[in-house]
Amino acid sequence: MSDPIEKSTTALERAKIPLPKFLKKNHYFGFLGILLVYLLAGTYSEYSQTIMNTIIFAIIGASLIVVFGMAGQLTLGHTIFVAAGVFLSANITTVWTRGLETELPIAFGVAFLLGLIVGFPSLRVNELYLALATFAVAFVGVQVLFEWKQFSGGGSGKPVGKLELFGYEFSRGPTLVRIALVLMLITFWIVGNYQDGRTGRSWNALRTSETAARAAGLPVAWLKILCFGIGGGLAAIGGVLYAHTLRYAIPENYGVSLSIIVVLALIIGGKHRLMGAVLGAAFVKWLPELSRDVQEYEGLIYGGTLIILTLIAPDGLVGMFEWLGERVKNLKNGSEDGKTLSADEGTAPLESQYLAPLASSEAKGSLIVRDAAVAFGGVKAVDGVSFEIPAGGVTGLIGSNGAGKTTLFNAITGHVKGATGQFILDGEEISQKPIHNRALSGLGRTFQNLNLHDDLNVLEHALLGLDRNMKYGRIAESFRMPWVLREEKNAHYVAAELLDHMDLLEYWNEKVEDLPYGLQKRVDVVRALATNPSILLLDEPAAGLPTAEALEMMEKVQEYANHISAGVLIIEHNVELVAGVSDRIIVLDAGKTIADGTPEEVTRNEQVIAAYLGT
Amino acid sequence: MKSKLWKLLAIFAVLGLIAVGCGDDDDSSSSSSSESSSSESSSSESSSSESSSSEEAAAEEECELARGVTDDKILFGSSQPMTGNLAALGEQAVLAMEVTRDRINEGGGIYGRMIEFIVQDDAYNPEKTVANAQYFIEQENVFAIWASIGSATLKAALPLHDESNTPSLFPWAQDLSFYDVNNHPLFFSVNPPAYAQTKGFGNYLVDNFGTDGIKVGLMTINSVDGEQTVQGYKDSSGGDLLVDEQTWERDSTTYGPQILSFIDSGVTDVYVGTGDTQFAQFLLEADQLGLEARFWGSTGTISANTIELAGELSEGAYGVNVISSATGDKPGLNAYREAMFAAGAEEAQISTASLLAYTGGLVLEEMLTRAGECLTVESFVAAGESIKDFDTGGIMRPLNFSEENHLGNNDVIILQVQNGAWEELVVGQE
Amino acid sequence: MVEYIQIAWQGLVSGFAYALIGLALVMVYKTARILNFAAGTMAGISGFLAHWWAAEQDMPFGVAILFAMIMTGAGTYVVERLTVRPLVKLGDFLPIVIMTLGVEEFLANVSLLWWGGTARRYRVPGDIDRINWLIGDFRLNAWHLVVAITTFVTLSIVGYIINQTELGLGMKAFAEDQDAAKLMGIKESTVSIWTWVLSALVGGVTGIVFAPVLFLQQDYMNIIFIKGFVAAILGGFLSLSGGVAGGLLLGELEAFTIKWAPREFAAALPVVIVFIVLLIRPHGLFTREKGHERV
């Protein structure tokens, strides 16, 4: 690869961005923690039920991190997957008399498929309404169990058979705890791998802004359904263990209240971290255990603790510990901000080994718009606009407020419903495609009012954009295969160079919501650039910026667009700026094109002056 | 073989770290789990492997007391719904247990041993019941689990009781499977299964009201006991008269729809398998909607509180019980009420729930006494099986236990509310 | 025919409970974007208080209710200030939901320790809850009539407060646009607390008026709360009248489905119908979907 004698260090190295590794610090801590419980399980066997329940709820919590923590789907239907695991386990052990080797894959598989179905409402409804829709699913699920007597034993329930693995029978108690720990390790490993990989990043993106996630080319609908599938499958593993601790499966146990407890536990613990799942489970299972001596007041203590805990740790226990940890760190390190870049200048990003190959001499991004029209109610926001943009050009789109510029953009990218007309990108008709497929075809866009992903850092925004060009599959991702890491590493290098190009490198680890407005605008652009688009649609990239800063940014954008030979279509109020960068300007007024030509022609056009420039 | 596989798993789990340590640990755990299932004499502490054969021989002579039994006390555990919508039942059972404990202890205990018990809440959630059972058995080292409430919960916990050689005594749980002595040799009860109760009801109905024009509606809970309740009725001589089957859920707020259905099907007799509060509400709504029928309440409905809540509307309602009315006038019942009120019971807590726990306490006292000074699980079970014609002062008919039968009572008692009190009409068997 | 009217009336009576609780939930959610999981338990405690003052402290029926309502209002004021208020400035929805769950658990246990688990009868003057009139074949329970009247009076008062008073205007302003309302100089904290109190009073009325119907028992309002929640979402969580309409609709749905649906599906059918409605109208029946999403 790169010759070390040559001067360059990569942007990634200068910014000290850690590369993804097979094993991280968290992994070691996780292994040690689990090992500790593993070894102590025999010593504290009298607590094995409570330990078991904690592990089970930690596993279910981890599965909920997928659905709720990452993908942000507020579900009250999680109990249905647990129930699936429980009853499948009961049936497999008693009817087929098979052991865990059959129970686990079947439970995972069935719950995965079930999850794909249960996930469907999430395409239609959000937040509270989704909570209710999934509540309904869970409610119906319990009724089905009551009535499907062959499977569940009806109201009377069904016993769970022996605990076996490949024909070996195990006693319960500490042994079951150990089996559970191994399964917990696997579950956590998988969920952790998603958190580090492209799927987790995509889930985080869709949680924080669905619109932007679509624009970056993420298949949001599939991702949503998938999160229910994977979350459901993993929850069913918890269910299998639950069946073996309870040894008796009764439908009425798996009502909505179980879902609420599971969600509550995860929020208490911290919904974005695996540790949160553990702490949350520990909270709901050990508080009652520890208050056994004052059991009349158990509920009171539980409620009271919940109140106090929420007051002091509203972001969950993990959030509180992280905050404390940072405090301690700051005390130690004084005010060092650790953001300084290495003085070494390095190669110019565009010439670096990571961005150089993206250079293309073949101009892309010819866009044909024919008869584009969008109506809201009776108002025609865009009314029969047609134009053609040659490949590789920079085109300005101007017009007064309400002229339909952004709506036209949304029509092209698919972000507005009911748009008609034909859009052809590089000879490919994209009018009928969903948003993310248009993005995959080569549309990259930014947003007028900054659709960034709060909670995600700058680097992750760049990686999100790069997702379009990543190849590794989701199964490989869940097991952290070597090629996954290889691709991720490469993506990190590319992202760092890109950030460097846009002068964002030193902020790579900042959460976007903490950045000043001007930098946020750049992050938005970086995400679009990272998709390696054929044409870049910029919606008022300079709005709210001082002209100098805007010009500097535009220069960088143009430089990059030239580098990859992409076309640029830019909406802008600042006519000077548009005139400065564009080869050509299209003027919209009241949803119609009123002028189309070079900047000089357009600025002289009387109609334009009357409608727009004059005012 | 087992530990080998374990090592494999362990290696997989921790990538080969400290595989030796795991192996060691496995041995101790497998021995501790097997011993807890094989002998009642040792507590499940892993240190018990010390007991050598010579010690055992010595112990045989000086009597090795059962777990939870010392020279001055016998410890019990009880898992009860102390919160949630069955909390009233838990409170009533615990009160009756306290009455029993105080009675025995004030009389000097049994062979000088005082009765003690620990109550833990399970909110009618089997997961908690199982955790409670482990707590009782492995942490508190109780002798037996006493007077717990709930079929669904007991179903989950019973395997743990059985494996750890812990007797399950006099629960209010009515699932048929519990009464199989071969599967559950340590289960003792004075409460016949729900199945027997409805069968008895069906037979009584036909005997007393014939079959002409009789149409029966059943309303049962959509849970463990519910289906057996229906089956019991179907197997009775009135089984063919069943025209309408309805269920209710624990979180129902109204029985209007079920009542309307009963009106539609023109039933003359309705069996309501609920608790007292639900029965009272059912009577209220039946009156509002104009359902005119004979109402038959199940065991759970026979309490003073039914009459308190439903008032006039309860007049004439029948009850199908396994035990005399808690408010009846018999020596045993009077003693029960006197003791309950002395312990601070409210009128509403004079109920089947507390009376069943109380009666179980009477039998328990007898069992402990008969088991002799050397109290082991074997001697205790043998003592239980030897009880014949045990007099409860009229609360139940004389109780009989045997090796094949750990259900001392097989009564089906028909009651009716007359002048604001439950009166006994007939005592029979299924 | 009479049979249908009878079923409809029964459904309506259940619906009144769902509607009032739904209204109480929507009120707080709309103004402060807070989902109050303790609403059911708080309503139940109001019922217990009214009973306690009447039956155990020998107060006249009406005075006991008045006292219970005052206690409910004051209690809610304290609860909101102590638990919810410190979290509001974080601007996050979830911690507050968890907080109200904690409050729910706490209050339910206080109530259990105080009154025990045994159900009690809430006596009303003249035992009118036991009087049934026969109008043709239609049977009308006197207390159900009281329930209906109370519901209408409560709804009218709430309607008046929202449309005619300063508090109502503040609530509306916040429901429309939190930031704009703040700019207009309306104090968020004041509006929020009085919305909470008003909502708790509506809940309290529900708890008391349904006590003779459901009996006073451990957490008897919690199931009503869940139904009220379903109703509120059915109506669209941002519409007060939608919450009420959703409640009444849910009551009817339950009554008629259990009447006609096969027994196996009866319990689940209302929920399934609500589910389908949500899929067709993702923001509930009575809230319009926000135009197109601005991007």
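Predicted model: local features only at pLDDT ≥ 70, side-chain atom pairs only at ≥ 80, totals over all residues.
## A buried glycine in chain A

At 18% relative accessibility, A:Gly414 counts as buried, because the limit for that class is under 20% relative accessible area. A:Gly414 is placed in the loop that runs between helix 16 and strand 8 (420-425) of chain A.

When the neighbours within four places in sequence are left aside, the residues in contact with A:Gly414 are A:Ile435 and A:Arg438. From A:Phe376, A:Gly414 is separated by 38 residues in sequence and, C-alpha to C-alpha, by 15 Å in space.

## Where chain A meets chain C

The contact between these two chains draws on 45 residues from chain A and 46 residues from chain C. The area buried between chain A and chain C comes to about 3800 Å², and carbon and sulfur atoms give 77% of that area. Three residues, A:Leu128, A:Tyr129 and A:Leu132, supply 19% of what chain A buries against chain C, which is more than any other three residues supply.

Between chain A and chain C the count of salt bridges is zero, while three residue pairs are in polar contact, with both residues of each pair at pLDDT 80 or more. On the side of chain A that touches chain C, at least two residues each come from helix 6 (127-147), helix 12 (256-269), helix 14 (298-312) and helix 16 (405-413) of chain A. Helix 6 of chain A provides the largest share of this side, eleven residues. By residue class, the side of chain A that touches chain C divides into 26 nonpolar, twelve polar and seven charged residues.

## Where chain B meets chain A

Here the contact takes 45 residues from chain B and 47 residues from chain A. Together, chain B and chain A bury about 4200 Å², with 54% of that area on carbon and sulfur atoms. Two salt bridges are found across the interface of chain B and chain A. The side chains of A:Arg247 and B:Glu163 meet in a salt bridge, with a distance of 2.3 Å from N to O. Across the interface of chain B and chain A there are also 16 residue pairs in polar contact, both residues being at pLDDT 80 or more.

Several elements of chain B give two or more residues to the side that touches chain A, namely helix 1 (2-14), helix 2 (19-38), strand 2 (114-121), helix 5 (126-139), helix 6 (151-163) and helix 8 (224-234). Helix 5 of chain B gives the most to this side, with ten residues. The residues of the side of chain B that touches chain A divide into 23 nonpolar, ten polar and twelve charged.

## The fold of chain B and the setting of B:Ser351

The secondary structure of chain B comes to 14 helices and twelve strands, and of its 430 residues 62% count as buried. Among contacts in chain B that link residues at least 6 apart in sequence, 67% join residues at least 24 apart.

One of the residues of chain B that can be followed in detail is B:Ser351, which lies in the loop between helix 12 (331-342) and helix 13 (352-371) of chain B. B:Ser351 has a relative accessible area of 2% and is therefore buried. The side chain of B:Ser351 makes a polar contact of 2.4 Å with the side chain of B:Gln92. Leaving aside neighbours within four places in sequence, B:Ser351 is in contact with B:Gln92 and also with B:Ile302, B:Ser303, B:Ala326 and B:Tyr336.

Just after helix 4 of chain B comes B:Gly108, which takes a positive phi of about 95°.

Helix 4 of chain C, residues 93-115, has 23 residues and reaches 33 Å from its first C-alpha to its last, close to the 33 Å expected at 1.5 Å a residue. Helix 4 of chain C is also described as mostly covered, since 17 of its 23 residues are buried. C:Gly116 follows helix 4 of chain C, and the phi of C:Gly116 is positive, near 75°.

Conventions. Residues numbered from 1 in each chain as written. Chains lettered and ligands numbered in written order. Heavy atoms only, no water. Contact = heavy atoms within 4.5 Å. Buried area = accessible area lost by both parts, 1.4 Å probe. Salt bridge = Lys/Arg side-chain N within 4 Å of Asp/Glu carboxyl O. Polar contact = N/O pair within 3.5 Å; in protein donor to acceptor, adjacent residues only side chain to side chain. Helix = DSSP H or I, 4+ residues; strand = E, 2+ residues; numbered from the N terminus. Nonpolar A, V, L, I, M, F, W, Y, C, P; charged D, E, K, R; others polar. Expected span 1.5 Å × (residues − 1). Buried < 20%, exposed > 50% of the residue type's maximum accessible area, 1.4 Å probe, protein only.
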